[in-house]
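Subject: Structure handover

Hello,

Here is the structure I said I would pass on. Please look through it first; my notes follow below.

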Amino acid sequence: IFTAVGIGFLLPLEVSKSLWMYFVAALGLMMGAIWLAFGASTRSFPSDYFVENNFISSLGAGGLMAFAAVLLARAFMDRWTEARGRTEDGGRGRVVAEFLRCMGWSGVGLFLSLGVTLAWLRWNHIGLHWGMAFMAVVVLMTVGLMRMVAEGGVYWFQIHTGPFHLVNVAGGAKAVSGAVIAPLMLIYSVLFLDIKTFLAPSAVNAFKMQDESRAARGRFHLAVALAGVATVAVSCVTVLYMVHLHGANGGQSWFYSSGPQYIITQTQRLASGTLGSGGDLNWLFYAIGGLWVLLSVFLRRHFFWWLHPIGF
C-alpha cells in the first residue's frame, strides 16, 4: 500500500524517506522488545485504532499530538500578530475583535460546530470540562492529519490514537466514568474512528484539486459540500433498504455486525475497568514521542536534511 500511495500521489522525497526510516526504526524497537523477553511476538503488544496502545503506537500518538499543538500555536501567533498589526493604536478588546475577524467564516463555522457538539454532550449529562477535553483531542488529531495530507498527499494509515486511547492510558474507568465514555463513543465512532470517516483531512485534497484546476473557489467548494450531503443521503437510504431487504446479519460482516459489536464491547470493557491499560508506562512513551517531535521540528528548521516529523 505504501508503494501505491507513493506512486499515485507522488509523496515528496523527504516525507517518503522519513516514513521508511521511522518504519524501520519501529521494527527495530519491536524486535528489541521481543529479544529482551518483554513479549513473544508482535501479538504480545496489542494496539488498535479505538482504545489500545503499545509502546510504539504510544510514541507515534504523542508525536502526532505535539505536532498538531505546534501547528495550532503557530497559526494562533500568526493571526494574533496580524490582528495587532491592524490595530496598533487599539486596546486589547479591539485586538481580540480583529483576531476573530481574521479567522473569517471558517472560524465562525468552527465555533458553531464546537458549540453544537458541546451542547449535545451537555444534554447527555456530560460535564463541560469533559466535553471540552474530548473536543480538544479531536481538534488536535484533525489538525495534525490535515497537515499530513497537505505535506504528503492522501494518507491511508490507521490512526492508533484518540480520546479513548488517552482515557485508557490514564487508567480507564478509574479516570473517567462509564456515563461519560458512552455518549462520547457515539460521536467518535461515527465521525473519527476509521480513516474513511475523517472528513477534514479528505477535504484538504479538495483544496489541492481546486488549486490545480484553477476553478472558482466558492463554486468548487460548494460543489464538494453538496457532494458530501448527497452522499450521506443516498448512503443512508441505500443501507436502510439493503438491511430491510436482506437483514443486517446477511450484510457485510464488519460494517453490520462484527464492527459495531467490537466497538460496543471495547467501550464496555473500558468503562468497566476490565480492558487493562496495555502497559503502565504508555504515558511515558506518549511524552517521549511528543518531545521527540518537538525536537525534530526545531532541528529541521536548522538542518533541512533532518528527518521530517510527519514520518514519525
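In which loop does His 125 lie? His 125 is in the loop between α4 and α5 (128–152); helices here (H or I, at least four residues) are DSSP runs, numbered from the N terminus.

Before the rest, two remarks on the basis. This is a predicted model, in which local features need pLDDT of at least 70 and side-chain atom pairs count only at pLDDT 80 or more, while totals for chains, interfaces and linings use all residues. Residues are numbered from 1 along each chain as its sequence is written, and side-chain values use heavy atoms, with hydrogens and water left out.

Loops

His 125 has a phi near 65°, which is a positive value in a residue other than glycine. With a relative accessible area of 71%, His 125 is exposed (buried means under 20% relative accessible area, exposed over 50%, and partly exposed in between, with a 1.4 Å probe and protein chains only).

Ala 37 also has a positive phi, of about 70°, although it is not a glycine. Ala 37 sits in the loop between α2 and α3 (55–86), and its relative accessible area of 66% makes Ala 37 exposed.

Ser 47 is placed in the loop between α2 and α3. Ser 47 is partly exposed, at a relative accessible area of 23%. If neighbours within four places in sequence are left aside, Ser 47 is in contact with Glu 52, Asn 53, Asn 54, Ser 57 and His 160 (contact means heavy atoms within 4.5 Å). Met 77 is 30 residues from Ser 47 along the chain, and the C-alpha atoms of the two are separated by 36 Å.

Gly 251 belongs to the loop between α9 and α10. Its relative accessible area is 28%, so Gly 251 counts as partly exposed. Gly 251 and Val 239 are 12 residues apart in sequence, and their C-alpha atoms are 9.7 Å apart in space.

Helix packing

Helix α4 (residues 92–123) packs against helix α7 (residues 178–191) at an angle of about 145°, with the axes 10 Å apart. Axes are lines fitted to C-alpha atoms, for helices over the stretch in contact, and angles run from 0 to 180 degrees between N-to-C directions. The α4 and α7 crossing is right-handed (a crossing is left-handed if the near helix is turned anticlockwise from the far one by less than a right angle, and right-handed if clockwise). On the α4 side, Thr 117, Trp 120 and Leu 121 meet Pro 183, Leu 184, Leu 186 and Ile 187 of α7.

The second pair is helix α8 (residues 199–213) and helix α9 (residues 217–246), whose axes come within 10 Å and cross at roughly 145°. Here too, α8 passes α9 in a right-handed crossing. From α8, the residues Ala 206, Phe 207, Met 209, Gln 210 and Ser 213 meet Arg 217, Phe 220, His 221 and Val 224 in α9.

Thr 267 is found in helix α10 (residues 253–272). Thr 267 is buried, because its relative accessible area is 6%. Apart from neighbours within four places in sequence, Thr 267 is in contact with Phe 50, Ile 181 and Met 185.

The salt bridge

How many salt bridges does the structure hold? The structure holds 1, where a salt bridge is a side-chain nitrogen of Lys or Arg within 4 Å of a carboxyl oxygen of Asp or Glu. Arg 101 forms a salt bridge with Glu 98, and the closest N and O atoms are 3.0 Å apart. Arg 101 and Glu 98 are separated by about one helical turn, because they are 3 residues apart in helix α4. Arg 101 counts as exposed at 53% relative accessibility, whereas Glu 98 counts as buried at 13%.

The surface patch

Trp 20, Phe 23, Val 24 and Leu 27 form a nonpolar patch on the surface, and together they have about 410 Å² of accessible area. Patches are made of residues with over 30% relative accessible area and no salt bridge, with like charges joined within 9 Å and nonpolar side chains (Val, Leu, Ile, Met, Phe, Trp, Tyr) within 5 Å. Accessible areas come from the Shrake-Rupley method with a 1.4 Å probe, and for residues only the protein chains shown count as cover. Val 24 lies in helix α2 (residues 13–35) and counts as exposed at 51% relative accessibility. Leu 64 is 40 residues from Val 24 along the chain, with 18 Å between their C-alpha atoms.

Regards

Note on methods: Helices (H or I, at least four residues) and strands (E, at least two) are DSSP runs, numbered from the N terminus.
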